[in-house]
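I opened this notebook to record what I looked up in one structure.

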Amino acid sequence: MNIDQIFKNNQAWVNEKLGVDPDYFKNLSEGQAPEVLYIGCSDSRVTAEEIMGAKPGEAFILRNIANMVSNLDLSAMSVINYAVSHLKVNHIIICGHYGCGGVKAAMQSEDLGILNPWLRNIRDVYRLHNDELNAIADEAQKYRRLVELNVQEQCVNVIKTADVQIAYRNRNITVHGWVMDMATGKLIDLKIDFDKVLKDIMEIYHLD
Ligand SMILES: [Zn+2]
């Protein structure tokens, strides 16, 4: 991708938007009220807005390696706080993807420098679901399942945040766990049964 081309693309996009609505950018600049918070992977192939057909103003976005939500990550915690408590989004989506390099790296025991502490969170997901994963003989299948379980655990991490707990008490907010299958382009709703998943952890984290 050529840098000059990016500015040409941008001008073409501005012209296209103004061609449909001369006030498009004037209205856009007046504020945002997105319906969803999307937390996905930084992978260049999993473009949040494009795969959802979301227009500017519709989705608040956080992307990092392997769509992680760590309570020590000031960026993730700030994004969740702002989206949930200020913008009042009604849906939070954690979207993983099959073929995720971050998840793959966490399955190997290589030393990856600065990535080690980040990937350790995924290794913790593996440890939590050790029995289920080790029962899968096929490596490719195990890899896909770890992608799904990582999404599930990051959803739980979102639910544990104070902002989401307060929102649960006061209004409707729904957390969704999705996976994007790059081989088909399709988004898959994992339909995670959060009542079941959370039942066991409620007492420990004092959630209600
Ligand atoms: Zn990824």
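The entries below concern a metal site, aromatic rings and a hairpin.

I note that this is a predicted model, in which local features need pLDDT of at least 70, side-chain atom pairs count only at pLDDT 80 or more, and totals for chains, interfaces and linings use all residues. Residues are numbered from 1 along each chain as its sequence is written, and side-chain values use heavy atoms, with hydrogens and water left out.

**Zinc site.** I looked up the donors (N, O and S atoms within 2.8 Å of the metal, or 3.2 Å for Na, K and Ca; water is not among the atoms, so sites may look incomplete). I found the zinc ion coordinated by Cys41 (SG), His97 (NE2) and Cys100 (SG) at 2.0 to 2.3 Å. Their spacing in sequence is C-x55-H-x2-C. His97 and Cys100 are both buried (under 20% relative accessible area; exposed is over 50%, partly exposed in between; 1.4 Å probe, protein chains only).

**Aromatic pairs.** I counted rings of Phe, Tyr and Trp (its six-membered ring) as paired if their centres lie within 6.5 Å, with planes under 30 degrees apart stacked, over 60 edge-to-face and the rest tilted. The count is 3 aromatic pairs. Trp13 and Phe25 are edge-to-face, because their ring centres lie 5.3 Å apart with the planes at 70°. I recorded Trp13 as partly exposed at 32% relative accessibility, and Phe25 likewise as partly exposed at 26%. Phe60 and Tyr82 form a tilted pair, 5.8 Å centre to centre with 45° between the planes. Phe60 is buried at 16%, whereas Tyr82 is partly exposed at 37%.

I checked strands β4 (residues 174–181) and β5 (residues 186–189), which run antiparallel and are joined by 4 bridges (strands pair if DSSP finds at least two bridges between them; strands are DSSP runs of E, at least two residues, numbered from the N terminus). Gly185 in this hairpin takes a positive phi near 85°.
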